[in-house]
Amino acid sequence: MLLGLGPGAVYAALGLGLVLTYRASGVINIAHGAIAMYATYQYAELREVGDLVLPVVGVPPRIHLSDTPSFPLAFGVSLTMAALLSLAVYLVVFRPLRRAQPMMTVVAAVGLTIALQAVAVIQFGADNRFLQPVLPQKAVHLLGVTVPRDRLLLAGIVALAAVALWAMSRWTAFGLATRAVADDEETTALLGRRPTLIAAANWMLAAVLAAVAGILVAPISSLNPTGYSLLVVPALAAALLGGVSSFGLTFLGALAIGVAQGLLLPLQQDVSWLNQPGLRALLPMIMVVVVAARRGALLPGRSASAVVSAPLPVVAPPRSPLAGLLIGVPVGVVALFALSGAYRLGLERSLAGAVVCLSFVVLTGYVGQLSLAQMTLAGVAGFLLARLEGELGVPFPIAPVLATVAAAAAGLLLSFAARRLRGVDLALITLVAGVALQEAVFGNPLITGGLRGSSVPGPTLFGVDLGIAGAGFPRVQFGLLALTVLAACGYGVARLRTAGPGRQMLAVRANERAAAAAGIDVRRTRAVAFTLSAALAGLGGCLIGYGQGRLSFDSFGVTASLFFLAIAAVGGVTSVAGALVAGLLVPGGLAFTLLDRAFGLGRYQQLLCGLAVIALAVLRPAGLVHRSVRGPWGAKAEAPQLGDPPSGPQRPGAEDRSRLVPHHAEPGSTP
C-alpha cells in the first residue's frame, strides 16, 4: 500500500491538472500527460548535457545553457517550458475551439499527443531513460515495514497541492472567478472578468503541477514518450470520480488506484489465477465504468451559455457509388501492377489502413460518436486470425470471417457497456478501455506470443497463394485481395448513407430525442453502428495481419488507435473519399513512402499527422475531403440537419436563444 503512494501521487497531480483545465475551459485535455512527458525530458536533458531543447523540428532547437547545470536551473527551466507550452496550446488550439463541437477538442488533443510524442522521439530518442532521484530515498520504517521515503514525500507534496487548490478555489478572487467561468462564461465576462486570461492561467498552473509530478516520479518509473503520455488514463479515471470538479475526490481516487495497484503485486504472487500481465491496468477502467453506471454520464453538464452551437459537418449523399467503384477499382489495379518494391508495399498498406478508416465513417461520420479504441477492435480480429490460421489450421476465408465476427461482437458489447454515454464521454471510456485491453490482453504472451509475436500465415484460396510474401515481394496478389475488400467495404458504406439504416443513423446523430419521437429505436441504431464499425475495423485488422506477417504488442495498441483517429480526421470522417485519403497516410503507406523517398521526411510522419490534425480541427473540422452542399443559386450551404435551428425570419432574439439549445441533447434532458 505504501509503495503504491508514489504512482498514486502522480495520478493525483495529473488529475488535479485535468480538473483545473476543465473548470476553466470545459476541455478534457488528454494531451496533459504528453506535456508532462516533454517537460520531464527537458529536465533530463538539462541535467545531463545542459541543453534547452525547444519543442520544434526543422530549425536548430538546442540552446546550450550550462556545462554544469544545477538542479534549480534544470527544474526551473523545465517548469517554465511546461507553462509556456501549455499557454501556447491553449491560445492557439483550444481557445479557437471553444465554440466548436466538444468532440473536436478531443480530436485536437489526440493530434497534440501524437505531435509531442513524435517531437520527443526525434529530439530525445525512444529508448527508456532513468533519471537520478530528486527526493531522498532513504528507507523509513512505518507500520512494521520499510519503504523508500520518496513515496511518502511525493504523496505529501501532492496532498499539499490539492489542499492549496481547494483553498484557492474557495477563498481567493482568482479561484472564485474560475468557478464563475465554469458556471457561466458570458455573465462572468459582463462582470468585468476576462475568461481567456483566467483559463490561460489555469492551463499554465495545471502544466506546472504535471511537470513537477513527472520530474519527481521519473526515478520510480522509466521515462519514455508513450508510457508517460498514457499516465493521463488513471489520472482521468480519478478526475472523473471527482466529477472533474472536486480536488479532494480526485486526490483520494488517484491514491486509491495507486494503492490498489500496489496491493495487486503480492496478491498476484500468492494467487496463481491473478498472476496475469496488465491486470493492474484494469483498475482505472473498472472505476470509470462504475462512475458511468452510477451517474449515467462521465462529464458534468455545463450551463446553457457554455453549450456550443456549431453543428457537426454535413454528411453529403454520395453522387454515384457505382461509378466510383467502376473507376476506382481499375485505377487501383493499374497502380498495383505499375508500382513495385517499396511503393507497392506502401500502396498495399494504404489499402488495408483505409478499411480501418472506414469504421470511423460509420461510427463518427454517420452516428456522431467517437471511439478511441478502433485499433483495439482491429487487434481482436488480427490476433484471433493468427490463432485460427496458425495453430488451429482454419482455412481462408473462414478464418478472417470468424475473426471479423469476433471483432463485431466486441463492438456490440462495447455499445451495450456505453449505451448511456455520448460524444466526449464515449471517447473517454473507450480510451480507458483501450489502455486496459492493451495491457491485459495484448500484453499477455499467451495471446499475442510475447516478444516473438504472432505469426499470420498467408491466405490461400483454391490453391492460389494470395499472401504478400514470396517471389516478387510485395506480391501483387495480396494487393488485389486488399483492393477487393476495400472496394466492397467502401461501396457498402456509401450505399449505407442513402439506405434506411443510414438515414436513421443520421437522424440519431442530429437529435436523438427527435429521432425517438419519429419512431426510430435509438439504442438499436447505435448498436448497429457500433457493430458495423467494429466489423470494418476487424476486416482492416485481418488485412494488416496478412500484410505484416507477424503481429506484435505494438501493432494494435492505444497509440495506433490514436494515430488512426488522427489520419481519419485529416481525411474526413463524413465520406468514403475521406477514408481513402486517410488510408494513404497510414504508417508506411503510399503518401509517406513517396515523401520519404523524395524528401527524406519519413521520420516526420507522426509529427506531420499530429500537426495536420491540430490545424484541421481549428480551421477545417470536416477534413480535407468534404464537399459543401450547393444552394439553389450556387452558393455554398450546409444541408439542414435534424435538430438545427429553423431557417427563415424569426422574431428578435429568437436566433440567439436557439443557439443555446444543445443540438445533441440526451433523451430526457432539459435544454
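This is a predicted model: local features need pLDDT of at least 70, side-chain atom pairs count only at pLDDT 80 or more; totals for chains, interfaces and linings use all residues.
Close-up 1. Residues are numbered from 1 along each chain as its sequence is written, and side-chain values use heavy atoms, with hydrogens and water left out. Leu-536 counts as buried because its relative accessibility is 10%, buried meaning under 20% relative accessible area with a 1.4 Å probe and protein chains only. Beyond four places in sequence, Leu-536 touches Val-355, Val-356, Leu-358, Ser-359, Val-362, Cys-489 and Val-493, contact meaning heavy atoms within 4.5 Å.

**Close-up 2. The crossing of helices H1 (residues 5-25) and H5 (residues 149-171)**. The two axes, lines fitted to C-alpha atoms over the stretch in contact, with angles from 0 to 180 degrees between N-to-C directions, come within 8 Å and cross at roughly 20°. H1 is therefore roughly parallel to H5, a term for angles under 35 degrees. Among the residues that meet are Leu-5, Gly-6 and Arg-23 in H1 and Arg-151, Val-158 and Ser-169 in H5.

**Close-up 3. Leu-428 within the largest nonpolar core**. This core has 214 residues, and Leu-428 is among those that touch the most other members, as are Ile-30 and Leu-298; such a core is a set of buried Ala, Val, Leu, Ile, Met, Phe, Trp, Tyr and Cys residues joined through side-chain atoms within 4.5 Å. Helix H4 (residues 102-124) gives the most to this core, with 16 residues. Leaving aside neighbours within four places in sequence, Leu-428 is in contact with Ile-28, Ile-30, Leu-236, Leu-240, Leu-298 and Leu-299.

Key. Buried means under 20% relative accessible area, exposed over 50%, partly exposed in between (1.4 Å probe, protein chains only). Helices (H or I, at least four residues) and strands (E, at least two) are DSSP runs, numbered from the N terminus. Angles under 35 degrees count as roughly parallel, over 145 as roughly antiparallel, 65 to 115 as roughly perpendicular and the rest as oblique.
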